[in-house]
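Thanks for coming. I will go through one structure, part by part, and you can follow along on the screen.

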Amino acid sequence: MTSRQDRAADLGRLMDAEGPAVRERTEAINELSSLAQRSFADFADLRSTAREIKEHSIENLPTLIDRVEEAVAANGGQVHLARSAADANRVIEGVMERHDAETLVKSKSMTTEEVGVNEHLTDAGYEVVETDLGEYVIQVADESPSHLIAPALHKSVEDIAELFNDVFEPEEPLPADSEALTAFARERVGQAVREADVGMTGANFVAAESGSILLVTNEGNARKSAVTPPVHVAVAGVEKLIPSVRDLQPFTELIARSGTGQPITSYVSLLTPPVDTPIPDFEAGELRDADEREFHLVLVDNGRMAMREDEELRETLYCIRCGACSNTCANFQAVGGHGFGGETYTGGIGTGWEAGVTGLEGAADMNDLCTGCSRCVPKCPVEIDIPWINTVVRDRLNRSGEPDEFEFLVDGLVPDEEPAGIDRQKRFFGNVETLARLGSRVPRLANAVAGTRLADRVLERVAGVDPRRDLPTLATETLREWYADRGPRVDAPDRDVVLYPDLYTNYFDPDRGKAAVETLEALGVRVHVPPVPESGRAPLSQGMIETARSTAETVHGRLVGHLDQGRDVVVIEPSDLAMFRSEYARLLPEASAERLRANSYDVLEYVAALLEDGASAEALSGPTGDPAVAYHSHCQQRTLGLEAPTVSVLEDAGYDVETSDVECCGMAGSFGYKTEYYEVSMDVGEQVRADLGDLAGVPVLASGTSCQEQLGTLYDRDVPHPIELLSPR
């Protein structure tokens with residue numbers, strides 16, 4: 001892994017050079033895909049169907065491999081099972097040798113990028129020409145793709161014009177005009193296709209029953225590469241196998257809507273090679289008999305069968321390479337795939353692919369750019385829990401480290417379940433409750449020390465905390481201490497609930513906890529604030545899974561008695577509610593996780609339900625002057641579908657609410673505190689500010705701790721939780 005300073009410099013360079021083009025395109029595609037998914041009534045049902053097909057296919061992969069070998073052989077083709085990248089390249093080179101071939105044209109394929117086909121054949125003396133426009137641009141530039149489906153996403157029209165003019169030196173300089181550049185590339189690529197000895201494609205899906213392959217593109221280059229040369233080589237990972245052509249339907253409906261926002265791509269080609277199209281002989285000006293065609297299907301393992309046996313990485317194999325996780329990711333929008341990417345694969349799902357086919361180190365530099373915000377989860381057309389895959393890889397990276405010179409300083413002093421060698425930065429942020437608990441014993445002294453330049457330097461050196469960030473200030477009295485002195489205040493309650501005292505509310509901002517208590521009480525609810533530790537979100541965000549599991553067990557143990565008494569659990573911090581409703585299913589026994597999931601609520605979701613049940617909104621504080629407020633919803637809160645209740649309660653109380661359409665503020669818990677990611681965090685945050693505007697004189701509200709911190713920095717003002725505005729205090 002690179003140093004923090006070098007990583008920060010690399011990301012800064014990418015944001016300057018490639019960021020504007022990447023952001024413009026990913027934001028546009030993300031908006032289109034969101035609209036396409038929302039307007040497609042069958043989206044949810046087809047996602048589930050597609051998921052079931054992929055689960056079944058991966059479970060029965062050995063059988064499907066045998067079946068496709070038989071089908072392709074019966075069609076007159078040949079299947080080659082390549083255990084490694086080297087095996088795949090030997091097979092492909094062997095095909096070139098047997099046909100005395102000199103040139104090969106190929107359509108876009110991430111699997112061929114993975115195995116390094118271009119480099120291998122070029123080194124062996126063959127000419128390889130990419131026929132996809134984006135891939136052709138990347139090939140001319142001698143760069144790697146920056147996106148799963150849009151390899152030249154990071155290049156502007158001006159960049160491409162400059163590239164073509166420098167490399168090809170045309171008689172008349174090419175203008176920065178997309179049509180002119182496309183026409184120039186098309187002419188050169190078309191000539192290569194006409195002269196090629198071998199054509200190569202990938203395969204979006206391979207139907208094992210018939211040996212048919214599906215090619216989904218927005219250009220006609222894939223089918224030209226497949227049917228113009230006399231020899232067709234299709235290269236696909238073994239995970240692309242599905243049982244039959246009948247199983248293709250949900251994928252053809254989903255892949256374009258998720259990847260590009262189109263109802264369907266321009267070209268959907270279903271081929272059962274070798275096809276019976278005559279072979280064009282351009283030099284002789286005639287058509288040769290289709291019987292001379294030859295077809296090879298190279299099925300690539302390269303770590304996939306091992307991933308199939310890996311319960312945590314197996315889901316990666318369900319990926320259909322649509323790129324939706326990248327398009328919706330705020331950090332990807334800022335730095336692109338050259339920053340948020342490994343040797344081949346990019347974006348959120350890229351971590352799983354790199355870990356599986358390259359090894360853990362291949363995913364090391366990109367892994368932390370997934371902050372677990374979960375915005376990719378509802379966009380994935382096969383329901384992959386991408387944040388969990390990233391967390392698993394992070395955990396394994398933690399466990400692969402070697403103890404460093406400072407290990408003795410923390411060994412035995414922190415309560416985590418992690419091994420020696422974990423990155424100090426991750427151990428620091430994963431144990432933040434321990435630090436908060438110790439500091440809260442002498443909060444004034446702790447705050448004074450934390451505010452010194454010496455503390456800044458120590459934290460930067462030891463834990464990679466960026467000195468440009470102000471650390472949160474410990475309260476002089478925690479929420480639990482306040483409640484212990486005060487106790488419940490409703491004698492004849494309509495409802496009885498537990499207010500979960502999350503880490504930030506308890507130690508740093510008890511005012512939002514007090515506001516929640518008093519708002520619920522004003523609506524006739526008795527509130528209890530028991531001594532419960534943080535949810536495990538802090539260690540989980542650092543990939544410390546065993547620590548998070550241990551903490552989750554403690555939290556459940558402390559809450560189960562309240563659940564037995566019929567009490568709901570009301571949660572202020574959205575990331576903790578996401579733990580209860582989502583991640584605890586990975587950390588606790590199924591029955592325990594389900595019980596807590598079913599009985600936990602966002603505080604304003606709960607207030608909204610009380611109002612719907614007849615409680616009076618007059619118990620809430622309304623505006624005393626201008627009713628305008630601006631509100632930014634936490635990303636995990638949006639994934640849970642809980643932005644709307646907050647807005648509705650504010651409106652019921654008389655406020656005029658302007659919301660942010662930007663899905664992530666960039667802070668993402670500890671992410672924005674880290675030296676290597678500070679600039680990325682601020683770049684993402686500026687998108688929220690650009691969306692909401694200057695908001696002079698307008699209160700700014702945010703539901704999440706990290707959102708409050710980030711917006712407070714961007715607007716240089718206090719940013720309260722909405723419950724604080726509504727509290728009758």
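Predicted model: local features only at pLDDT ≥ 70, side-chain atom pairs only at ≥ 80, totals over all residues.

F429, in contrast, has a relative accessible area of 9% and is buried.

These two residues also form an aromatic pair. A pair of aromatic rings is described by the distance of the centres and the angle of the planes. How many aromatic pairs are there by this rule? The count is 14. Take Y136 and F164: the ring centres are 6.2 Å apart and the planes stand at 65 degrees, so this pair is edge-to-face. Y136 belongs to helix α8, residues 133-141, and F164 to helix α9, residues 157-168, so the pair ties together parts that are 28 residues apart in sequence. Both Y136 and F164 are buried. Back to F428 and F429: their ring centres lie 5.0 Å apart with the planes at 85 degrees, so that pair is edge-to-face as well.

Y136 and F164 also belong to an aromatic cluster, together with F168 and F184.

Which ring lies under the charged end of R321? It is the ring of W353, and the distance to the ring centre is 4.4 Å. For R689, the charged end sits over the ring of Y715, 4.7 Å from the centre.

Next, helix α20, which spans residues 424-430 and includes Q425. Is Q425 buried or exposed? Its relative accessible area is 1%, so Q425 is buried. Leaving aside residues up to four places away in sequence, Q425 touches R4, V462, A463, G464, K674, T675 and E676.

Now the overall layout. The chain is divided into domain 1, residues 56-304, and domain 2, residues 479-726. Taken over C-alpha atoms, the centres of the two domains are 49 Å apart.

On to the nonpolar cores. The largest has 63 residues, and the members that touch the most other members are L241, L297, I349 and I384. What does L241 touch, not counting residues up to four places away in sequence? The list is S57, L61, L64, I65, V68, V206, A208 and L299. Apart from that core lies another, of 34 residues, with V517, A608, L611 and Y631 among them.

Y631 takes us to strand β17, residues 628-632. Five of the five residues in β17 are buried. A628, A630 and H632 point one way from the strand, while V629 and Y631 point the other way.

Which strands pair with β17? One is β18, residues 656-659, which pairs with β17 in the parallel sense over four bridges. There, V629 has V657 as its bridge partner. Another is β19, residues 700-702, joined to β17 by three bridges and also running parallel. In β19, the bridge partner of A630 is V700.

Last, helix α33, residues 643-652. Its buried residues are P645, T646, V647, V649 and L650. After α33 comes G654, which has a positive phi, near 105 degrees.

That is the end of my part.

Methods:
Residues numbered from 1 in each chain as written. Heavy atoms only, no water. Buried < 20%, exposed > 50% of the residue type's maximum accessible area, 1.4 Å probe, protein only. Helix = DSSP H or I, 4+ residues; strand = E, 2+ residues; numbered from the N terminus. Phe/Tyr/Trp six-rings, centres within 6.5 Å; stacked < 30°, edge-to-face > 60°. Lys NZ or Arg CZ within 6 Å of the ring centre and 35° of its normal. Core = buried A, V, L, I, M, F, W, Y, C linked by side-chain atoms within 4.5 Å. Contact = heavy atoms within 4.5 Å. Domains from an automatic or database assignment. Pairing = 2+ DSSP bridges.
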